[in-house]
Amino acid sequence: MAGTDAALLLLADSRLPAGGHAHSGGVEPAVAAGAVTDVADLTVFLRGRLATAGLVAAALAAAACAHAAGPADAFDALDAEADARTPSPAQRRAARAQGRSLLRAARATWAHPALDALAGTAPHHPVALGAATAAAGGGPGDAASIAAFTGVTGGASAAVRLLGLDPLAVNRAVAGLAADIDAVAARAADAARGPWAELPAASAPVLDLYAELHAGADLRLFES
Amino acid sequence: MGGHFGSDEHTASPVVGRALRLGIGGPVGSGKTALTAALCRSLRDELDLAVVTNDIYTTEDADFLRREAVLADDRITAVRTGACPHTAIRDDISANLDAVEELEARHPGLDLVIVESGGDNLTALFSRGLADRQIFVLDVAGGDDVPRKGGLGVAAADLLVINKTDLAEFVGSDLALMESDAARVRDGRPVILNSLRTDPAATGIAAWVRSVVPVAAP
Ligand SMILES: Nc1nc2c(ncn2[C@@H]2O[C@H](COP(=O)(O)OP(=O)(O)OP(=O)(O)O)[C@@H](O)[C@H]2O)c(=O)[nH]1
Ligand SMILES: [Mg+2]
């Protein structure tokens, strides 16, 4: 690879104005439950999330990207696959809120038939990300990488804010996950070449339960 | 500081066919929610209104407004800001835009949507992608040197409100000094001294809001 397109780097940038800053990727309820208290816990949490929800999101994003030139109405079917892989209603709401925001940001930035096809809907975030990646000139592998990467960095930044962790130590921990992120992205891109019904469906029941507890919590800083 | 805000003013209202979006920002506890409630009471009979609150940790502000019944419950929406209140009104306005658009869809014909920021510091400023106009609220009891320290909110907001003037004598704040320091950095933009204790209707501020909301003739 000669280098990464700047347009794709935009999608991986945490400053992308697409609503991600208000979501902790399950880190806030994990902190509330005492499961994440330091950088070591956080690393374990992020690795687990990457292998489960991260893999599923990356595969959905890759599939959406691969489909970007296909018939518009088929996005509904992919969105249904995302629903089926997201048992927690709170997580489905969070995924759709972020998908809607990402779609707004992408449509304000690029013109692409896949973005038009999704206009006016609130797709799951990975579906919107796949379409946005295509619009930015990327392919399914890029979509999978961005999904896997931002899933990790979003949670890491939430932990820095919630626990006052040393951001340098957290950055080092995220860098330590780089090979795992790449491996998950490669697996996801590979899986996206097959039928949608067979996309990865790795589950993380604790994340699902955390998401539900979090939605009902009185005190919380993050939407999810 | 040293910023030049003269060329950075809002131009003619971009509001055509939708509600005017009014941001209310300012430090923690300066009276943003109390002012929002006062404006709702003063304006709700003449304007079609809704409110978005950006609570830091709870839904306290939205709950207060509902409890006070300043508007029907379905006209008040709370947004969470992920520990970064200024990000939600400035760098990434997605959640607030979603909330505003949802209110507009639910209540066609809205004239005014007030977005109350979570309490923040003096550098907070609403993005023009979110707010057409913005008010920055300072608290007299926060110290009479605050306008002199300036900051984006004090200098560039369309209206600066110096609130809780009833407390000035108790905390030893010099109101005339606050007003003149503010005027120096504000390049002619208006400043209103206000006390919600002595003027619960926020008369002067409500009049300013009326002057910026384009209302169709009945
Ligand atoms: N004495 C006096 N008290 C006021 C005035 N305006 C507001 N307050 C009080 O100041 C306190 C804080 O007011 P809020 O409206 O909650 O302040 P806020 O800026 O919304 O606070 P955050 O949203 O937490 O940042 C409340 O107890 C109000 O009743 C005023 O003009 N005079
Ligand atoms: Mg308030």
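**Chain B against chain A, and a magnesium site**

Let's start with the contact: 18 residues come from chain B and 18 residues from chain A. Contact here means heavy atoms within 4.5 Å. The model is predicted, so local features need pLDDT of at least 70 and side-chain atom pairs count only at pLDDT 80 or more, while totals for chains, interfaces and linings use all residues. Residues are numbered from 1 along each chain as its sequence is written, chains are lettered from A and ligands numbered from 1 in the order written, and side-chain values use heavy atoms, with hydrogens and water left out.

Now the area. Chain B and chain A bury about 1600 Å² between them. That is the accessible area (1.4 Å probe) that two parts lose on being put together, summed over both. Carbon and sulfur atoms give 49% of it. In chain B, the residues losing the most area to chain A are Tyr57(B), Arg80(B) and Asp92(B), together 39% of what that side buries.

One salt bridge joins the side chains of Glu101(B) and Arg104(A), at 2.9 Å, N to O.

Which elements of chain B each supply at least two residues of the side that touches chain A? They are β3 (76-80), α3 (85-91) and α4 (94-106). Helices (H or I, at least four residues) and strands (E, at least two) are DSSP runs, numbered from the N terminus. α4(B) gives the most, with five residues.

On to the metal. The magnesium ion (ligand 2) is coordinated by Thr33(B) through OG1, Asp61(B) through OD and Glu116(B) through OE, at 2.0 to 2.2 Å. Donors are N, O and S atoms within 2.8 Å of the metal (3.2 Å for Na, K and Ca); water is not among the atoms, so sites may look incomplete. The donor spacing along the chain is T-x27-D-x54-E. Thr33(B) sits in helix α1 (residues 32-43) and Glu116(B) in strand β4 (residues 112-116), 83 residues apart. Both Thr33(B) and Glu116(B) are buried, meaning under 20% relative accessible area, with exposed over 50% and partly exposed in between (1.4 Å probe, protein chains only).

Last, backbone. Most residues other than glycine have a negative phi. Asp187(B) has a positive phi of about 55°. Ala202(B) has one of about 50°. Buried or exposed? Asp187(B) is exposed at 53% relative accessible area, and Ala202(B) is buried at 0%.

Note on methods
A salt bridge is a side-chain nitrogen of Lys or Arg within 4 Å of a carboxyl oxygen of Asp or Glu.
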